[in-house]
Amino acid sequence: MRHLPAVLIVEDEPAIAELISVNLRHSGFRPIWAMDSDTAQAELDGVLPDVILLDWMLPGESGLTLAKRWRAHPRTKTVPIIMITARGDEVDRVAGLDAGADDYIAKPFSTKELLARIRAVLRRRAPEHDAGLVTVGDLSLDAATYRVTFQESSLKLGPTEFKLLHYLMTHAERVHSRSQLLDKVWGDHVFIEERTVDVHVKRLREALREAGQMIETVRGVGYRLTAQAVRAGQV
Ligand code: CA
């Protein structure tokens with residue numbers, strides 16, 4: 001039997017959970033519903049799902065608290081989390097990303113959009129499993145040989161810039177806040193200022209030359225690596 005990707009839906013409203021479940025099932029996923037944090041934790045203690053859809057507003061522990069805890073735990077930290085939120089404003093989006101969510105979707109949402117986002121996190125997750133070649137547009141990075149090339153020409157990067165680029169490329173087309181990048185690229189060095197990220201992004205852009213414009217500044221939120229800028233014919 002084909003492996004159906006399991007999606008853990010953490011949502012206290014049965015009607016919404018049911019709607020999502022039906023759509024997931026029709027699209028070849030295996031939905032599992034947890035109506036509160038205890039049930040969700042019990043599910044995760046059993047078998048890890050492929051993706052977690054996490055409602056922000058839950059009775060008891062909030063989705064934000066759960067996202068932080070699951071990200072901090074070695075067993076659950078690599079499971080992609082999509083936050084479902086009624087809160088669409090920027091501060092909340094940043095809080096969700098900082099808590100470790102891979103993406104977020106604001107209620108009300110179309111199930112089509114939700115499915116697209118689930119597929120996207122599953123795709124994005126894949127490159128991390130093989131340490132080899134990552135490609136975004138004409139930009140390629142080979143983690144095994146430590147080589148970065150753009151349109152066949154080789155680029156020289158410092159170790160931090162290389163690590164930063166590797167992270168951005170394996171999580172392309174999505175926005176990362178500065179503190180999220182600090183967490184993922186610099187790890188536990190909590191005393192590094194967020195401004196440090198800006199410094200390294202600047203160096204990375206310079207090192208990438210024409211490909212530097214693939215790294216976009218998203219005002220008030222952070223940075224995103226995208227193939228779009230290059231496709232627009234600016235290079
Ligand atoms: Ca809710």
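Trainee: Where is the place of Pro108 in the chain?
Mentor: Pro108 sits in the loop between β5 (103–106) and α5; helices (H or I, at least four residues) and strands (E, at least two) are DSSP runs numbered from the N terminus. Residues are numbered from 1 along each chain as its sequence is written. This is a predicted model, in which local features need pLDDT of at least 70, side-chain atom pairs count only at pLDDT 80 or more, and totals for chains, interfaces and linings use all residues, while side-chain values use heavy atoms, without hydrogens and water.

Trainee: Which kind of peptide bond joins Lys107 and Pro108, cis or trans?
Mentor: Most peptide bonds are trans, and most residues other than glycine have a negative phi. Lys107 and Pro108 are joined by a cis peptide bond, with omega about -5°. Glu152, in the loop between β8 (147–150) and β9 (153–155), has a positive phi near 75°.

Trainee: At what angle do α6 and α8 pack?
Mentor: Angles run from 0 to 180 degrees between N-to-C directions of axes fitted to C-alpha atoms over the stretch in contact. Helix α6 (residues 159–170) meets helix α8 (residues 194–208) at about 85°, their axes 9 Å apart. The two helices are therefore roughly perpendicular (65 to 115 degrees). Contact (heavy atoms within 4.5 Å) involves Thr160, Glu161, Leu164, Leu165 and Leu168 of α6 and His200, Val201, Arg203, Leu204 and Leu208 of α8. These residues divide into six nonpolar, two polar and two charged; Asp, Glu, Lys and Arg count as charged, Ala, Val, Leu, Ile, Met, Phe, Trp, Tyr, Cys and Pro as nonpolar, and the others, Gly among them, as polar.

Trainee: How are α7 and α8 placed relative to each other?
Mentor: They pack at about 75°, with axes 9 Å apart, and α7 and α8 are therefore roughly perpendicular. Arg178, Ser179, Leu181, Leu182 and Trp186 of α7 touch Glu194, Thr196, Val197, Asp198 and His200 of α8.

Trainee: Where does the largest pocket lie?
Mentor: Rolling a probe the size of a water molecule over the atoms shows where empty space is left. Domain 1 (6–125) and domain 2 (133–231) both contribute lining residues, so the largest pocket lies between them; the bounds come from an automatic or database domain assignment. On a 1 Å grid over the protein atoms alone, a pocket is an open set of points where a 1.4 Å probe fits, with protein on both sides within 12 Å along at least five of seven lines; lining residues have an atom within 4 Å of a point.

Trainee: Which residues are the closest to its centre?
Mentor: Of the 21 lining residues, Arg71, Lys77, Thr78, Tyr167 and Lys184 are the closest. The largest share of the lining, four residues, comes from α7.

Methods
Parallel < 35°, antiparallel > 145°, perpendicular 65-115°, else oblique.
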